[in-house]
Each structure stands twice: as C-alpha cells, then as structure tokens.
Amino acid sequence: MTRSPDQFVLAARVLHWLMAIMIVSMLFIGVGMVASVSERHDWLLAIHKPLGIAILVLAVIRLIVRLRNPPPPLPADLPALQKLAAHASHYLLYALMLVMPLVGWAMLSAGGYPVMLSHSLRLPPIFPVNATAFAILRHAHAWLAALLFLTFLAHLGAALYHGLIRRDGVLSSMTGIRHEPE
Amino acid sequence: MHAPPPLSRRSVFLRFALIAFVLLVIVLAFGYVGSWLAPQRLTAQRMVNQLQANAGVFPGYRRNHAKGVCVAGYFDSNGQAQTYSVAQVFSPGRTPVVGRFAVPVGNPYAPDSSAPIRSLALRFAQANGQQWRTGMNSMPVFPVATPQAFYELLQAQQPDPSTGKPNPAKVGAFFAAHPETAAFLAWVKTAKPSASYVTNSYWSLNAFEFIDANGEKHAVRWRMVPEASGDAVGGSDANYLDADLAQRLAQGPQRWHLMVTLANPGDPTDDASKEWPSDRREIDAGTLVLTSTQPQESGECRDINYDPTVLPHGIEISDDPLLPARSAAYATSYLRRTSEEAHLPGTAAATTKPETK
C-alpha cells in the first residue's frame, strides 16, 4: 500500500472529505427542515432520511478503514491537553456518526412512522412503537445534533489552528496537500 | 517535520481572527437556517405557539382538533382506483384502518357544538408496510390557501384578554383582506354542528398526485361520502358525538365511500380555498368500514400523527403549500404532546380532570 507515514491513507482521506460534506449538509438540512413550513420541509425531509442511512453505511466502512490503517501520529511536541482533546473529539465524532442515524431510524420506528427512504423504499422498524420512546429519541436526536455541530466546529477550528498557526503537518495529513520544505 | 519559520505576533493574531471569523460565519448560517436568527420567518413552532395562544395548553392533547375519539375498521378496495394509482391500498382487497374523529378546537373539553366542522383522520396500513395517512374535514374548501394566511387567521382569532373572545373587528378585517376565503365563508354560513360524526362527508381539501403503473401523474382530491344520511343538528349537551358514535357502532359498522376526483388540466392543485368544478370525473374507489371506537386517551389513534404527507408508493403530495406546513406543524404538535405523555422535564404536566369552563 502506498502511503507516507505522515498522511492518512487515500481511502481515509476520500471518506473524510465526502462525509464532511454529507454531515455538515445533514446538520443544516436537519435544523432547516424542522423549522420550515414551506415546500422546503418536504424536500429536505426527503433528502434527510436516505442521506442519514448513507452516512451510517459510510461510517461503518470508515471505522473499518481506520482500524486497519492507524492514523499518522500527532506531532510529538503537541501539548498533552491538546492531544487528549484531539483523541477525545475523534472518538466523539465517530460515535456520533454512527449513533445519529440509528437514533433517527429508531425515533421514526418508535413514532410508528414507516421509514421511507424514497417513494417506494421502506426500511424495517428497529424499535417498537412507543410514544414515550419516540419523545425521548426525538429529543436525543436534536441534542446529539447540537453536540455534533459543536464538535464539528471544534474540529474545524483545531484543523485550521494546526494548518495556519502551528503549521505542523496535521492539516496536510488529511488534505494530502504537502508543502515539502526545500 | 521541518519547523516552519516563526510567525510575527501580528500574523498570529490575524490568523486566529480568520479562524474565529470562519467559525462565526458557520454558526450564523446555522442559526439563520434553523430560524433562531430569523424571528420573522413563519416556523412550525411559531404556528403551534399561536394555536396554544388561542386555545390554551392541554398537556398530552393535540394542539388542534384536540377533542376527538379513536375508531378502527378497514377499507375494502374495489380496484377502480388502481388504473390511476399503484398504491397497494387500491388493489382489490382489504386494508386495516385506525382513525380518529375530531372537532376542530384546541380545547379537548370544549362543547361538541363549538364548531360546525368535524374531521376524520385515517391511517391505512398496507400489507407491504407502507402507510397512507390522511386528515380530512367536513367541508369542501379550506378558508385560505397558504400557511402564512392561516397563521394570520389564527392571530386574528386570538382571544382578546379583556373579553376572552376573539375581537370581531380583527376577524372581520382578516376576511376582508383575504378574498380567497369567500368560498369557505359561503359554505360556513349554512353549516351547522352535526349531531353525529357518521352523517358527514369528509374532504381531503388538499390536492395530491396519484401515480399510475406507467409513472404518469394524476392530480386528485378525495372525500369520504357516508352511507348514513341525516342532517340532525347537535343539541346543547357538551358531549353528544362520542355517545352517538358508540350507539351507531353498537348497531353495526358504519360505511363511507372513498370518492376520488380527478382534476382536469388547469384545475388548481395549489389552492385548497377553491373547489374544482363539479363535473370532474369521480371514481368510487371502495368502502371505508368503521367497526369500533375507543376513547382517544387509550385508543391506538392517540399516538398516531395523522400527517397527510405520510404516503405510500403511488400517492404523492401536490404543490399545495398547505401540505408541508401541515406536516411540519403536526410534527411539532406530536413532539410536544408525546413529550408531555413521557413526562419529560420542561414539559407541561399532564392533567386528567376536565377544566371547568
């Protein structure tokens, strides 16, 4: 396998940027469709469900890629607290990528809704119909989305900090853009 | 990794400022899309808040059409509609139905004669797991065509704090400013609160699209036409509808015919305030048979959100702007009442005893 020791493998980079677009879109679609009473409500909802399942599938693939290809190490001189924050936020991002679609799917199941990914494709329920469970899962879906949004902001802020201020190769390990010193 | 050349203090500051700016723009965009930073935009939450402002909050109950009763039965399709829609419910055969009759009021303890309108919501559970949900009203047209106009109607109807009743001047001003309400106003002039749920026809109001086997779309509206007849008007008793229903069902199942109206080209599909001409082609798609009733506090209909955009393959929403608004507002109402049922923190405590009003 071709890989330089200070970069993520190509599969990891492709998955990262593809899912970055999908997940950030998903967050905006989610808050937009819940608030909207216009025709946006219905077409955003129609995107939200299949996109969520696509994220779930990609997240599983990504987890496998990650476990088989350990990421490049963080810079040795990174302060311990920042290392801890980096590791913790990545565990959190992976957990949320996997949990958010499952909570959404379970929530629709508990609410007794058919889980329609398109006009004709229906997923089976993964939770018994129960109004109390629906309410809890529906709130959990919103709170976890808020947590995911904050984690994304922290992740983006940290990436830019590494790329613009520390310039320690952490950002380029994922962009693949390398400025080789002379 | 070679150490990059050090940055000046000014350069570090500017780069931190750039990062902060990028994050701020994202947060503001998120707040705008989520409407927290767009207080003038009509949202589902604001719509439901207005319903609550008009009627009060009755924990665990729907925010509108709060007074109602569960029913159950089935739909026997005769196959006549399957030329126009591939939905399984229209193949010849039987589909189980869980429904709900209601009075369009926000107060579940309001008298049955509070409004001259009844509603019927149905959930058809197809064998393939897909569902058709519909919420119909006992009137052929809706007062307004858009969510914004409906919101303004609710605002105009908000009780005046000094009298506890809507200000007739505000309501009058609304109708004067909204000529699209003419058809509804003409209808409501002659409407009386019926003594029974089962003698009414129930209209879909909104238009939908049937999709046939070739993928062709057919704009439709539908209505349930009762086999029972009668135009008796409800009495002074506050609760006569449920007793009437139970008594009729004790004598036997109650039946309606599902009449599907096919639009001609050019008939408006985006305006529920206008009836289609009466000469449009109609199909009798089958018979709705209701066999039993349960109180809404314990019946299966309690936890069903009769969102009219929950549709099986073969039926799709039209361009009627009221449909997404109904979907969004019903979802908000459903979340609030299920949260109250679940006794989640921050929700109103559920009450079981009726308000004395």
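Predicted model: local features only at pLDDT ≥ 70, side-chain atom pairs only at ≥ 80, totals over all residues.
At what angle do the axes of helix 2 and helix 3 of chain A cross, and within what distance do they come?

Two packed helices are described by the angle between their axes and the distance between the axes. For helix 2, residues 39-68 of chain A, and helix 3, residues 80-110 of chain A, the angle is roughly 145° and the axes come within 9 Å. The crossing of helix 2 of chain A past helix 3 of chain A is left-handed. On the helix 2 side of chain A, the contact is made by A:Gly52, A:Ile53, A:Ile55, A:Leu56, A:Ala59 and A:Leu63. Helix 3 of chain A contributes A:Tyr94, A:Met97, A:Leu98, A:Pro101, A:Leu102 and A:Gly104. By class, that contact has ten nonpolar residues, two polar ones and no charged ones.

Now chain B. Chain B has seven helices and ten strands, and its C-alpha atoms fill a box of roughly 90 × 60 × 40 Å along the principal axes. Of its 357 residues, 44% are buried. If you take the contacts in chain B between residues at least 6 apart in sequence, 74% of them join residues at least 24 apart.

On strand pairing, strand 9 of chain B, residues 282-295, runs antiparallel to strand 1 of chain B, residues 67-77, with nine bridges joining them. In that pairing, B:Val69 is opposite B:Pro295 of strand 9. Strand 9 of chain B is also joined to strand 8 of chain B, residues 254-262, by seven bridges, again antiparallel. There, B:Arg255 is opposite B:Val289 of strand 9.

Next, the interface. In chain B, 44 residues are in contact with 37 residues of chain A. The elements of chain B giving two or more residues to this side are helix 1 (9-33), helix 2 (44-55), strand 10 (315-317) and helix 7 (322-341). Helix 1 of chain B gives the most, with ten residues. The chain B side divides into 26 nonpolar, 14 polar and four charged residues.

Last, confidence. The predictor gives the complex an ipTM of 0.94 and a pTM of 0.94. Chain B has an average pLDDT of 95, and 97% of its residues score at least 70. Which residues of chain B stay under 50 in pLDDT? Those are residues 352-357, for which the model has three contacts beyond four places in sequence.

Notes: Residues numbered from 1 in each chain as written. Chains lettered and ligands numbered in written order. Helix = DSSP H or I, 4+ residues; strand = E, 2+ residues; numbered from the N terminus. Buried ≥ 20, exposed ≤ 12 C-beta atoms within 10 Å, placed from the backbone. Contact = placed C-beta atoms within 7 Å. Nonpolar A, V, L, I, M, F, W, Y, C, P; charged D, E, K, R; others polar. Axes fitted to C-alpha atoms, helices over the stretch in contact; angles between N-to-C directions. Left-handed = near helix turned anticlockwise from the far one by under 90°. pLDDT = per-residue confidence, 0-100. Pairing = 2+ DSSP bridges.
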